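Opened the model today and jotted down what I looked up, one topic at a time.

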Amino acid sequence: MEITGPMLDRFDEILTPEALDFVAALQREFGARRLELLEARQSRQAELSNGGILDFLPETKEIREADWQVAPPAPGLEDRRVEITGPVDKKMTINALNSGAKVWLADFEDANSPLWENCVAGHLNLRDALDRTIDFETGGKAYALRPDDELATVVVRPRGWHLDEKHATVDGQPVSGSLFDFALYFFHCAQRQIDKGKGPYFYLPKIESHLEARLWNDVFTRAQALLGIPHGTIRATVLIETYPAAFEMEEILYELRDHSAGLNAGRWDYLFSVIKKFRTRGREFLLPERNAVTMTAPFMRAYTELLVRTCHKRGAHAIGGMAAFIPSRRDPEVNAVALEKVRADKTRESGDGFDGSWVAHPDLVPICREVFDGVLGSRPNQLDRLREDVSVTAADLLAVSETPGEITETGLRSNVDVALRYLAAWMGGLGAVAIHNLMEDAATAEISRSQIWQWIHNDIVLADTGEQVTKELVERIIAEELAQIAAEPGYDEALFDQATALFKEVALDDDFAEFLTLPAYARMP
């Protein structure tokens, strides 16, 4: 195994020979299967682009009809009524653990810009947090863990199967980013968590099939055996954030049943996946602009209700979606309107049977907790709400065309503006970025650029101006939005030049980039 990234301060504490041997062992055993599954994604995409459709799998009907349950909730995961998400930098680590949330999703994926220093330092931060030795100071303000309080349970989200860690190679080939992130955390922190009465827990992103979940399960089984940790100690929650995965929820739970902690409704990536999977299919799968698509749209309602029904049928937690609002210290009116929307969203989720939900900012923890407290009371969850009234068909999940809303120049400009600002921040090392009082991450940038690509290739006419969306129109709007951004304090011309080139590549090229993070990562040092 070879490490080509720089060995910065204390990196030798994480990148030890023993830890790297563990990474290499998993890569050698599972790397080839991972690549085969990525090829299977391409084959499935080709089928959909050529007129195929998604449906529940006939070959796994017996699993859906059989009587089985996942493992019972693990210590520290019985009550998940409020989960906070964020990257693994020092400030977020301390704030998230102190936030009063039940769970912190410690994110190496969409909220993390995968600079080498971010990834390795993130593991240092997690280990130091578990040892209660982490602290941080900036602008004269000191951050430290509260000494006596029960901290949020850490659940780590590694990168998706599609991403490499280019600074680490095994036998000359890049290591899977998923295996790199998983292995380093598991090696250094699994026993630390067990000693605290909890365990090594994970969120699994971007899964597209139960076969990909099976691969994760085999990784877990092997990793536990290699380190002498009892089978089933690992628990994982799968984000149902790709369109194909929505048709394989039960099978995904089944594959991970000894290690399962439930499913999450990853709403933003789900919308991106809807666009991506059917981008060539005309208006049948055309969504209105991003901000017009709410969770009450028929196809989104079907997706979330099926998720709760599936999870509770199998004894697994159902975790709701993200409240991305970032409270403003200067505008109470903006806060009041946004917080009411957050409350309504969490009220809907708790009423539908979700066991908890996500927030992006510590100030939203009390609202989410209050709403779920009102439904749960002293109970840790509502796994007993089986939602047997729910019956969702494949047609319900596919009813994208029934989504109300328009496509306007305002929406187009918003997509351009958000994508440019986010990509500039991402190239500069920030993966979670507050833009216009919303926490944006790679998922929302993906929606922004993929919508524009779809609108161009489907000759969409804007509802408010009557103009057709073309490459030339988008390039003009890019220039106009950049001019406004350039007038703002702190404008970094070099970063926005990189962001603009990347955005044009992933939004305007004839070929559709599978993930914008792939060409973006290639531009990183």
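**Helix pair**

I started with helix α5 (residues 116–130) and helix α6 (residues 177–195), which pack at an angle of about 10 degrees with their axes 10 Å apart. That angle makes α5 roughly parallel to α6. This is a predicted model, so I keep that in mind throughout.

Next I listed who makes the contact: from α5 I have Trp-116, His-123, Leu-126, Arg-127 and Leu-130, and from α6 Phe-180, Asp-181, Leu-184, Tyr-185, His-188, Cys-189, Arg-192 and Gln-193. Sorted by type, the residues of this α5–α6 contact come out as seven nonpolar, three polar and three charged.

**Sheet**

Then I checked an open sheet of three strands, with antiparallel pairing and the order β1-β7-β8. β1 (2–3) and β8 (173–176) are at the edges with a single partner strand each, so one side of each has no neighbour in the sheet. I found four bridges joining β7 (residues 164–170) to β8, the two running antiparallel. Thr-169 sits opposite Pro-174 in β8. Helix α2 (residues 17–49) lies across β1, β7 and β8, and I noted that it runs at about 95 degrees to β8.

**His-317**

Is His-317 buried or exposed? I get a relative accessible area of 3%, so His-317 is buried. I placed it in the loop between α11 (298–313) and β12 (318–323). The His-317 side chain reaches the backbone oxygen of Glu-78 at 3.3 Å. Leaving out neighbours within four places in sequence, I see His-317 in contact with residues including Pro-73, Leu-77, Arg-80, Cys-311, Asp-355 and Asn-381.

Key
Residues numbered from 1 in each chain as written. Predicted model: local features only at pLDDT ≥ 70, side-chain atom pairs only at ≥ 80, totals over all residues. Heavy atoms only, no water. Pairing = 2+ DSSP bridges. Contact = heavy atoms within 4.5 Å. Axes fitted to C-alpha atoms, helices over the stretch in contact; angles between N-to-C directions. Buried < 20%, exposed > 50% of the residue type's maximum accessible area, 1.4 Å probe, protein only. Polar contact = N/O pair within 3.5 Å; in protein donor to acceptor, adjacent residues only side chain to side chain. Parallel < 35°, antiparallel > 145°, perpendicular 65-115°, else oblique. Nonpolar A, V, L, I, M, F, W, Y, C, P; charged D, E, K, R; others polar.
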